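Biologist: Could you take me through the terms used for this model, setting each value against its definition?

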Amino acid sequence: MHKPYLKWSALLKSQFGGRVQKISLDIGAGCPHRDGLEKGGCIFCDFRGGGSGAWIEKRDLDVQIEQGVQVAKKRYKAERAILYFQSYTSTNLPLPVLEQRIYESLRLAAEKIKVVGISLGTRPDMVPADFLDLLVDLDSQGLQVWLELGVQTTDPDGLMWLNRGHGVDEVEECLYRCSGFPINICAHLIAGLPNEQSTQLRDSCLWLADRGVKALKFHPLHVLKGTVLEKMYLSGDYVPLTMGQYAQRVSLALKAIPPDMIIQRLSADAAKPWLVAPEWIIRKNEVIREIENLLQ
Ligand code: SF4
């Protein structure tokens, strides 16, 4: 079925002539916003820092890669992969250490699967100039290079409420610093903050599109065990969106964005044991169907 938005997996398939699977890795980078006691981290972030928890579980890189390649090849029949340094803030390591872990991962993965790209998840205030040089180096080796920026919203009050520890200015400065480099930026956005306008997700997308962001990942704000947001939810201070409300906001955004903006994700993946609310998140296919129905 033709999708009424530019779906990343389909684009990759046409670019590389076959399915490309992302392999998520945890290189133990931690996060400067979580690790300081007084900062506390983002209110929705659990101890795994948005990733698999592999580093805490002491799963070495070679094990993570082996498992990721198995899934890519057996479940998804993919022969190509993008290595995704997903957990926490991947740039929160001294540059030589980060460089070593990236190149080691590339070497280990290349023995098992064709690696066509690399993607690093980070915060807008953790993208220094020397790190950009590393990305340029990776690009020069023929890899598709992505930087996944946790933006979440362009509403300053929303950023404060989420305790992001940065404002809109840091996002703007980061995007400005990255412009001119051969780096693709994918922004992560959240819908469903309290007091948020139903048009906020759309407005955030348009603001980012104006500043050269190439791709988007959407997530409903959801409650994971052990987070500050869980306490707010249990005390009634936070009420999640319904599936219908979320689908409305995403479809409004999708109708407004430029047609060449890539959609990497329409809704969150949440593991059942860690999810508190809303329960509908685990029915991801239903969420996607609801969004696409609104678009048709
Ligand atoms: S920046 Fe990312 S890893 Fe750090 S606390 Fe926020 S969500 Fe968690």
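Modeller: What follows is a set of questions about helix packing, strand pairing and backbone geometry.

Biologist: What kind of model is this, and how are its residues numbered?

Modeller: This is a predicted model, in which local features need pLDDT of at least 70 and side-chain atom pairs count only at pLDDT 80 or more, while totals for chains, interfaces and linings use all residues. Residues are numbered from 1 along each chain as its sequence is written.

Biologist: Why is H8 called roughly parallel to H10?

Modeller: Helices (H or I, at least four residues) and strands (E, at least two) are DSSP runs, numbered from the N terminus. Helix H8 (residues 200-210) and helix H10 (residues 243-256) pack at about 30°, with axes 8 Å apart, the axes being lines fitted to C-alpha atoms, for helices over the stretch in contact, and the angles running from 0 to 180 degrees between N-to-C directions. Angles under 35 degrees count as roughly parallel, over 145 as roughly antiparallel, 65 to 115 as roughly perpendicular and the rest as oblique, and H8 is therefore roughly parallel to H10.

Biologist: What makes H3 oblique to H4?

Modeller: The axes of helix H3 (residues 61-75) and helix H4 (residues 95-110) come within 10 Å and cross at roughly 45°. That angle makes H3 oblique to H4. In their contact, Leu61, Asp62, Ile65 and Val69 of H3 meet Glu104, Ser105, Leu108 and Ala109 of H4, a set that divides into 5 nonpolar, 1 polar and 2 charged.

Biologist: How do you know that strand E3 pairs with E2 and with E4?

Modeller: Two strands pair if DSSP finds at least two bridges between them. Strand E2 (residues 20-25) is joined to E3 by 6 bridges and runs parallel with it, Ile23 standing opposite Leu83 in E3. E3 and strand E4 (residues 114-122) also pair in the parallel sense over 6 bridges, and Phe85 has Leu120 in E4 as its bridge partner.

Biologist: Why is E3 described as mostly covered?

Modeller: A residue is buried if 20 or more other C-beta atoms lie within 10 Å of its own, exposed if 12 or fewer, and partly exposed in between, with C-beta atoms placed from the backbone. In strand E3 (residues 80-85), 5 of the 6 residues are buried.

Biologist: Why does Asn163 count as partly exposed, and why does Asn195 count as exposed?

Modeller: Asn163 counts as partly exposed because it has 16 C-beta neighbours inside 10 Å, whereas Asn195 counts as exposed because it has 9. Asn163 lies in the loop between helix H6 (156-161) and helix H7 (168-178), and its phi is near 55°, a positive value in a residue other than glycine. Asn195, in the loop between strand E6 (184-191) and H8, has a positive phi of about 65° although it is not a glycine.

Notes:
Contact = placed C-beta atoms within 7 Å. Nonpolar A, V, L, I, M, F, W, Y, C, P; charged D, E, K, R; others polar.
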